[in-house]
Amino acid sequence: PVLVVVPVPDNTFMRDKDETHEAMQAIMYGTQNGTLGHFLTNGPSVLPTFTIPPRTERSGGVQCLEFYDMTGDGIVDLLVGRDDGIIEVFSGFSIRVGTPHTVFSTSINESVMSLSPGHLSSSTYPEIVVGSFSGRILSFTSEPPVQTQDPPEGGGGGGVASLIERAGIPMGRLGADRKGSGNEGPGAKKLKALQAEVEKLRLSVVREREVHSKVADTLLSASPMYKVNDKFVMNAKDGTYTLSVETDVPLDLLALQSDVMVEVVEVSDNIAILNQCPADPQNGNVWLATCRCQEPIKQISIRLRTEEGCHGKILAYIIPRRAPKTAQTLSYTIKPLCLHESLPELPNDGRSMGKLTLTGGFSLADMHSWVQNCLPGAPTRLMTEEAILAFTSTITGTILSCSYRRGEATFQSDSPSTLVILKDAVTREATTRKIRVNAAVSFPDECVGEVLDRIR
């Protein structure tokens with residue numbers, strides 16, 4: 001298997017269908033922070049070719065990738081669907097041409113769960129059919145609104161830049177409208193019957209909702225009947241976390257509670273009114289906030305900042321805009337070294353490093369679970385008898401080396417505070433498990449001065 005080193009865990013891998021190198025296999029991947037990358041491999045070796053960084057720091061993660069010749073130039077185009085609702089088409093996808101460029105971009109305001117290109121209602125103009133988180137099916141076509149000339153030979157049509165959304169328009173009607181015939185055929189009659197049936201069902205749903213709302217004051221819903229799609233990820237560039245919540249029904253209120261201090265940096269697109277309540281530490285409420293949605297939206301994102309050294313949880317209560325009022329609770333863990341991210345390898349720049357040595361009656365699995373509880377990005381499973389991991393601070397740029405096996409663990413860092421936080425967290429976990437651990441910490445004299453110089 002090919003080992004691919006990327007800055008964040010891979011979210012989507014796909015084989016490039018453009019045969020540019022016969023002897024090598026082309027792979028395209030997308031990541032959680034929105035980066036797109038391409039490389040070639042023949043098994044033993046890997047040749048990176050290009051990467052496409054996210055457009056903004058808040059770009060959504062890649063949900064799905066597809067390849068199709070949408071422009072009719074004989075070279076496949078890259079179709080990307082993201083979890084923030086963005087759909088993109090990149091043209092010029094070829095090693096001979098170079099890095100692809102965006103030719104189409106739009107948003108459906110909810111997560112893109114899948115997309116598929118092809119010919120659905122026209123044999124000439126390709127389309128993109130998209131499935132959203134709430135279950136909507138949308139179609140985008142490259143057919144121009146008004147055809148001024150015959151399409152070129154071999155397809156291609158109006159190009160990707162003229163993609164038009166066909167959401168809510170039955171595909172059968174589009175073909176009938178192009179004929180320009182005044183007589184209604186069997187297809188048009190069947191379509192009218194279906195539309196009448198849908199309208200009848202809609203009115204029935206409205207009546208049932210009215211009945212349900214009348215008893216909402218006396219009856220309580222036992223289980224919330226709506227889906228939630230959420231993520232809590234770190235932004236390495238500024239050391240913040242993004243909490244994104246999406247439902248398949250409109251949101252009314254998002255309440256947040258935490259037993260550690262949290263600072264709100266930004267609420268997405270100013271679509272919600274943020275209200276931070278006075279803290280109540282005696283009851284474990286160090287931070288309380290509510291986000292009330294002004295409009296019937298289904299997705300909200302909040303950027304948060306916290307400090308290292310504290311550990312706790314953030315609870316999110318999701319209340320939709322529907323009767324009766326119900327809520328779903330989501331929990332997110334704040335780890336002691338929450339502003340660190342994993343590295344493929346440590347830089348060899350001659351830094352002065354402090355050392356933390358732990359010995360005792362712990363197993364490899366014990367120590368690895370303690371490291372996982374302290375640091376984000378630690379692997380979920382180990383395949384060797386000794387673990388060697390590397391991390392860096394997204395705020396100060398300091399590094400942390402972890403090496404441990406059964407009964408012995410060594411941690412090295414150029415930040416004294418990192419080793420102290422790690423020592424306190426591990427000894428606390430060991431005490432809870434009633435495992436005896438001996439700890440020894442040492443720092444060279446020049447370590448503190450070098451860290452202060454690097455921060456300045």
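A residue counts as buried under 20% relative accessible area, as exposed over 50%, and as partly exposed in between. The structure described here is a predicted model. The protein has 456 residues, of which 43% are buried. Its secondary structure consists of 5 helices and 27 strands.

**Overall picture**

- Among contacts with a separation of 6 or more, 58% are between residues 24 or more positions apart.

**A nonpolar surface patch**

- Val-420, Val-441 and Phe-443 make up a nonpolar patch on the surface.
- Together, Val-420, Val-441 and Phe-443 have about 210 Å² of accessible area.
- Val-441 lies in strand S27, which covers residues 437-442.
- The relative accessibility of Val-441 is 35%, so Val-441 counts as partly exposed.

**An open sheet of strands**

- Strands S5, S6, S7 and S8 form an open sheet in the order S5-S6-S7-S8, with antiparallel pairing.
- Strand S5 (62-68) and strand S8 stand at the edges; each has a single partner strand, so one side of each has no neighbour in the sheet.
- From one strand to the next, the twist averages 15 degrees.
- Strand S7 (residues 86-91) runs antiparallel to S8, and 6 bridges join the two.
- In this pairing, Ile-86 is opposite Ser-107 of S8.

- Most residues other than glycine have a negative phi.
- Asn-109 is not a glycine, yet its phi is positive, near 65 degrees.
- Asn-109 sits in the loop that links strand S8 (101-107) and strand S9 (112-118).
- With a relative accessible area of 61%, Asn-109 is over the 50% cut-off and therefore counts as exposed.
- Lys-434 is also not a glycine, and its phi is positive at about 60 degrees.
- The loop between helix H4 (416-432) and strand S27 contains Lys-434.
- Lys-434 has a relative accessible area of 78%, which is over 50%, so Lys-434 is exposed too.

**How the parts connect**

- Strand S8 takes part in the sheet S5-S6-S7-S8, and the loop with Asn-109 lies between S8 and S9.

Conventions
Residues are numbered from 1 along each chain as its sequence is written. This is a predicted model: local features need pLDDT of at least 70, side-chain atom pairs count only at pLDDT 80 or more; totals for chains, interfaces and linings use all residues. Side-chain values use heavy atoms; hydrogens and water are left out. Patches are made of residues with over 30% relative accessible area and no salt bridge: like charges are joined within 9 Å, nonpolar side chains (Val, Leu, Ile, Met, Phe, Trp, Tyr) within 5 Å. Accessible areas come from the Shrake-Rupley method with a 1.4 Å probe; for residues, only the protein chains shown count as cover. A salt bridge is a side-chain nitrogen of Lys or Arg within 4 Å of a carboxyl oxygen of Asp or Glu. Helices (H or I, at least four residues) and strands (E, at least two) are DSSP runs, numbered from the N terminus. Buried means under 20% relative accessible area, exposed over 50%, partly exposed in between (1.4 Å probe, protein chains only). Contact means heavy atoms within 4.5 Å. Two strands pair if DSSP finds at least two bridges between them. Axes are lines fitted to C-alpha atoms, for helices over the stretch in contact, and angles run from 0 to 180 degrees between N-to-C directions.
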